[in-house]
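Visitor: I have a structure to go through with you. Please give me each label with its cut-off and its value.

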Amino acid sequence: MALASICAVSAHAAGDSAVAGTPAGDPGVGEKKFYTCVGCHGIDDYRNAYPDYSVPRLRHQNSGYIISALQEYKSGERPHATMHAQASSLSDEDMQDIAAYLQGAEPVKPNAKVVGSVPPQVAPCTACHGENGLGVDAPMTPKPPVLAGQHVDYLEQALTTYRNGRRKNVVMDGMAQLLKTDEDVKIVAAYFASQPSPLATAKTTSK
């Protein structure tokens, strides 16, 4: 999230240089490497045990974001014991291959279609994520995640951990603070979760 596109671009570009340019990776190899992730991310409506929230949908997520997230889990910037262990076992090449598989042939293309009215709480999010959660055309590196169609409780969990400082990110550390209350978090999460989306559970049958 950001207040202006220029802020979003510079802040995302300030992230780990290893994701700059987002190497393509090999999706065929990535599909094989993803087998260690299927036990959680390949099952519809699978839930994290504690705290209780839905494991995110990853199929068709932006590859640059997948790489960035894995690096944050590996470094501990995102606190999750299982994901830290998983990410720590992956090389940069592994991450690139897995991300290429999850994204598919093309990244999600932004568009302006919005379902329903846009709550005012969403305004700070639009410079990076677009009004419908499918992103914007600005050349951000890495691309911010697709939020449209993501599990509402996962979005609430992510925003809450950015607000309380448990997750660390050069952009989100400040932007999440613009959501002043828990109700603001719920409104933003519910809105993006309700938008049409290509995101899906990363099952072997997902295309």
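Visitor: Why is Asp97 called buried?
Guide: Buried means under 20% relative accessible area, exposed means over 50%, and partly exposed lies in between (1.4 Å probe, protein chains only). Asp97 has 5% relative accessibility, so Asp97 counts as buried. The model is predicted: local features need pLDDT of at least 70, side-chain atom pairs count only at pLDDT 80 or more, and totals for chains, interfaces and linings use all residues. Residues are numbered from 1 along each chain as its sequence is written, and side-chain values use heavy atoms, with hydrogens and water left out.

Visitor: What makes Lys33 and Asp97 a salt bridge?
Guide: A salt bridge needs a side-chain nitrogen of Lys or Arg within 4 Å of a carboxyl oxygen of Asp or Glu. For Lys33 and Asp97 the N to O value is 2.7 Å. Lys33 belongs to helix 2 (residues 27-33) and Asp97 to helix 6 (residues 92-103), so the pair ties together parts 64 residues apart in sequence. Helices (H or I, at least four residues) and strands (E, at least two) are DSSP runs, numbered from the N terminus. Lys33 is partly exposed, because its relative accessibility is 22%. Lys33, Asp94 and Asp97 are linked in a network of salt bridges.

Visitor: How many salt bridges does the whole structure hold?
Guide: The search finds eight. One of them joins Lys203 and Asp44 at 2.8 Å, N to O. That pair links distant parts of the chain: Lys203 is in the segment after helix 10, Asp44 in the loop between helix 3 (38-41) and strand 1 (47-48), 159 residues apart. Lys203 has a relative accessible area of 28%, so Lys203 is partly exposed. Asp44, at 42%, also counts as partly exposed.

Visitor: How do you know whether Asp52 is buried or exposed?
Guide: Its relative accessible area is 51%, so Asp52 is exposed. Its side chain meets that of Arg47 in a salt bridge of 2.8 Å, N to O. Arg47, at 38%, is partly exposed.

Visitor: Why is the pair Tyr53 and Tyr154 called tilted?
Guide: Rings of Phe, Tyr and Trp (its six-membered ring) pair if their centres lie within 6.5 Å; planes under 30 degrees apart count as stacked, over 60 as edge-to-face and the rest as tilted. Here the centres are 6.2 Å apart and the planes stand at 45 degrees, so the pair is tilted. Tyr53 sits in strand 2 (residues 53-54) and Tyr154 in helix 8, 101 residues apart. Both tyrosines are buried.

Visitor: What does His151 touch, leaving aside its neighbours within four places in sequence?
Guide: Contact means heavy atoms within 4.5 Å. His151 is in contact with Asp45, Ser54, Val55, Pro56 and Arg57, leaving aside those neighbours. His151 is found in the loop between helix 7 (126-129) and helix 8 (152-163). At 9% relative accessibility, His151 counts as buried.
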